[in-house]
Structures are given as structure tokens and as C-alpha cells.
Amino acid sequence: MSGQTEQDLAKILRQSAESSERLLKENAELRARLERAESAAGKAPQDYVELESRFHALEGENREFANRYVEIEEENNNLANLYVASYQLHSTLDFREVLQIITEIAINLIGAECFAIYLVDDKSRTLAAVASEGLDKDKLPKMALGQGIIGKVAETGDNHFGPEDQMNAPVNPNEPFICIPLKIKDRIIGVIALYSFLKQKTRLASVDYELFTLLAGHAATALFSSKLYSESERKLSTIQGFLELMTS
Amino acid sequence: MNVAQLTALVVEDSPTMRQLIVFALSRIKNLKVIEADDGVDGLKKLSSGKFDILITDINMPIMDGLKLVSMVRNGDTHKGIPIVIITTEGAQEDRQRALALGANAYITKPIQAPQVISKVKELLKIA
């Protein structure tokens, strides 16, 4: 073998050794990457399970928030109704207007169809209707305190609620489905008797009971103060007329 | 971003009902609410401004809701305005007449704020 050939062969062997060394290194690197990939792949299902459970937890929270939102929305609407009712009841000192507002609240907020407002006459201890809807006021009987549902409610001051399945039973003027006392502290000045409801009103909602409570107090105060005001106005004009007569 | 202001006209003789409707509508963003006591007052207000929706009761003194719907649909201004009428369940004839005269939708008493809001939003095509 000539020296030239030996040199060439040595070069090839060197190159081959270098190449092998490079390949071995790459091989080691690839093996390491493969091991890392395999380990990551092994972990993936576990991560997936964790993510899925977190997703379900968030979904549950979301549902809870949505339900809470609906509840708050309902509460908000109820408060708006109560606010409007109390605002309107105290917006006037005219007795007829107060009666009209109570009527509007009963129709528009409660959904009542037939009802009557009775006031107590302290002297005769009887109740007489001063306003009604769906019933002829003049045909409604006078009630003695303690007599029938209306008289009992006016005497005891306790609410009367009939069984819900009789909500739209035929109207009997002596037997209202609901009867609420109009109270100023412990003094009962009258009652609101509800006999029947609009067709679409099939059950009483929680806000209806709150409206009944509100009516029991606020309507009573509004009726009482407007009555006092109109009486004092009448007395004032009588006195003024008398004074004018005396001084003329 | 500036969102165009919309205006609603509420025609209702009962102050209680009017306040309830205004209360409900106040929860719709960019909706200004103007109130009228009866049909005549409603027509007067319609002619003096630009309105995007009309909500009216049927039973009112001086001019009722049916007459108002008819006059709006046959008038020059606002003839295409969406109209919502408010009726009681028993007043089915009135409701049919109002719809025949050109009302777009109806709400029955006792009214519920969500019902008013969704009906108005639907007709105004707002989310």
C-alpha cells in the first residue's frame, strides 16, 4: 500500500469514526427526547382528568350563579312592585283617589278580579263596602264585627286565606277567598275582601303575600289620613264660612 | 362606543301601572321613556318628537288605546312604530281588535317587569 493510499484510508476511517460518534450522540439525544415524550404522554391523561373535573366544577358554579341571578331578578321585580304600591298609596290625600289606587294595586299587581274594600263604622260596629270591583258595591251586605269571615277578620285582625284550590270558585259576597285587615298598629279600620282573580292568575306568589302585608298597613294609613284630611278640610271651610258671616 | 338613544312612549291613565311600566323599562339601557295620560296626550307627544316604540293601555278616558292605535297607523308620522298593548285576559275582543288595527304585541295584566322588558327588547331588536 502506498503512503498516499494509507493517508486516504486513515482519513476515511477518521471521518467514519467522527460520523459514528455524531450518530451516537444524536441517537442518545433522540432517546432522551423519546423518554421525555413518553413520560409526558403518560402524564397527559392525568392532566385531562384534572381539567375535566375543574370544568365540571366551574360549570356547576356557573349554574349556581345563573339560578342566583334569576332569584335576584325576581326579588328585584318584587321590590319594584312593592315600591310602586307604597309610593302610589301615599301620593295623595284624596280619599276617593286612595280607594282608586288600592283598586289599581289589587287589579294590576295582585291580579284580583272581584274584590271589595270595607270600612268599620265605629259607632254601629259594622262594616260597609266603600269600593268594589266586579261586584255591585250597593248590593254588598253590611257586616257586624265578628260576623262571618269579613266580620271576624275585622275583629281579630288576622288574615284569612282560603284553600288554593278554591281560588276561582264562584263568588259569594259573604265568603271571600282572601280577607286582609286594614290595620294602623292595633286599630282595625276595615278589610279588603278578595273574591276571585283574573283567569291567568292560577296561584298566589310570594310577592302577593308581601303585597297583602303592605296593603294591610299602608292602605290603612293612606285611607285613614285622607279621611282625616277631608274631614278637617270640611270643618275648616265651615269655620271659615262662619267667621265670614260673623265679620260681614 | 356611542349607542343610539331609543325613546319609548307609555300611554296609560293609571299612575300605578304607568310607574310600574316605566320602572321596568328603565332597566333597558339607552331607552328614554316619555309618559302620557291618555290617547290624546299620547298623540300630542308622538307628534312632537321621534319615538321608537309605543306601549299603550286599551281602556283609557278621552281617547282609548284602540283609537290611538288606529290613528297612529293611519297617521303620517310613526305609522310604522312597533306598538305593544296592555289588556286584561278577559278583554280578548279588544286584544283581537287592537292586533287587527296594527298593534304588534300585547301584554296581559297583572304585568310582570320581565315580560315587558323582553317584549320591548324583541320589538326594538336589542339584546
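**View 1. Chain A as a whole.** Read along the sequence, the elements of chain A follow the pattern α-α-β-β-β-α-β-β-β-α, a total of four helices and six strands, where helices (H or I, at least four residues) and strands (E, at least two) are DSSP runs numbered from the N terminus. The radius of gyration of chain A is 43 Å, well over the 18 Å that the globule rule gives for 248 residues, so chain A is more spread out than a compact globule; this radius is taken over C-alpha atoms, and the globule rule is 2.2 Å times the number of residues to the power 0.38. Along its principal axes, the C-alpha trace of chain A spans about 160 × 55 × 30 Å. This is a predicted model, in which local features need pLDDT of at least 70 and side-chain atom pairs count only at pLDDT 80 or more, while totals for chains, interfaces and linings use all residues. Residues are numbered from 1 along each chain as its sequence is written, and chains are lettered from A and ligands numbered from 1 in the order in which they are written.

**View 2. Strand β5 of chain A and its partners.** Five of the seven residues of strand β5 (residues 178–184) of chain A are buried, so this strand is largely enclosed by the rest of the structure; a residue is buried if 20 or more other C-beta atoms lie within 10 Å of its own, exposed if 12 or fewer, and partly exposed in between, with C-beta atoms placed from the backbone. Strand β4 (residues 160–161) of chain A is joined to β5(A) by two bridges, and the two run antiparallel, with A:Phe161 standing opposite A:Ile178 in β5(A). Two strands are said to pair if DSSP finds at least two bridges between them. On this basis β5(A) also pairs with strand β6 (residues 187–197) of chain A, in the antiparallel sense and over seven bridges. The two strands β5(A) and β6(A) form a hairpin with two residues between them, and A:Lys185 in the turn has a positive phi of about 50 degrees. Within this pairing, A:Lys183 stands opposite A:Ile188 in β6(A), and A:Ile180 has A:Ile192 in β6(A) as its bridge partner.

**View 3. Strand β6 of chain A and strand β1.** Eight of the 11 residues of β6(A) are buried, so β6(A) is largely enclosed by the rest of the structure. Strand β1 (residues 112–121) of chain A pairs with β6(A) in the antiparallel sense, over seven bridges, and here A:Phe115 stands opposite A:Leu194 in β6(A).

**View 4. The surroundings of A:Phe224.** A:Phe224 has its place in helix α4 (residues 206–247) of chain A, and, with 18 C-beta neighbours inside 10 Å, A:Phe224 counts as partly exposed. Leaving aside its neighbours within four places in sequence, A:Phe224 is in contact with A:Ile184 and A:Ile189, two residues being in contact if their C-beta atoms, placed from the backbone, lie within 7 Å. A:Phe224 and A:Val98 are 126 residues apart along the chain, and their C-alpha atoms are separated by 9.8 Å.

**View 5. The contact of chain A with chain B.** The contact takes 18 residues from chain A and 17 residues from chain B. On the side of chain A that touches chain B, the elements that give two or more residues are α1 (3–89) and α2 (95–110) of chain A, and the largest share, seven residues, comes from α2(A). By class, this side of chain A has nine nonpolar, six polar and three charged residues, where Ala, Val, Leu, Ile, Met, Phe, Trp, Tyr, Cys and Pro count as nonpolar, Asp, Glu, Lys and Arg as charged, and the others, Gly among them, as polar.

View 6. Of the 127 residues of chain B, 39% count as buried. In helix α5 (residues 113–124) of chain B, B:Ala113, B:Val116 and B:Val120 are buried. Seen down the axis of α5(B), its buried residues fall within an arc of 65 degrees, so they line one face of the helix; the arc is that of the directions from the helix axis to the C-beta atoms. After α5(B) comes B:Lys125, whose phi is positive, near 55 degrees.

Note on methods:
Expected span 1.5 Å × (residues − 1).
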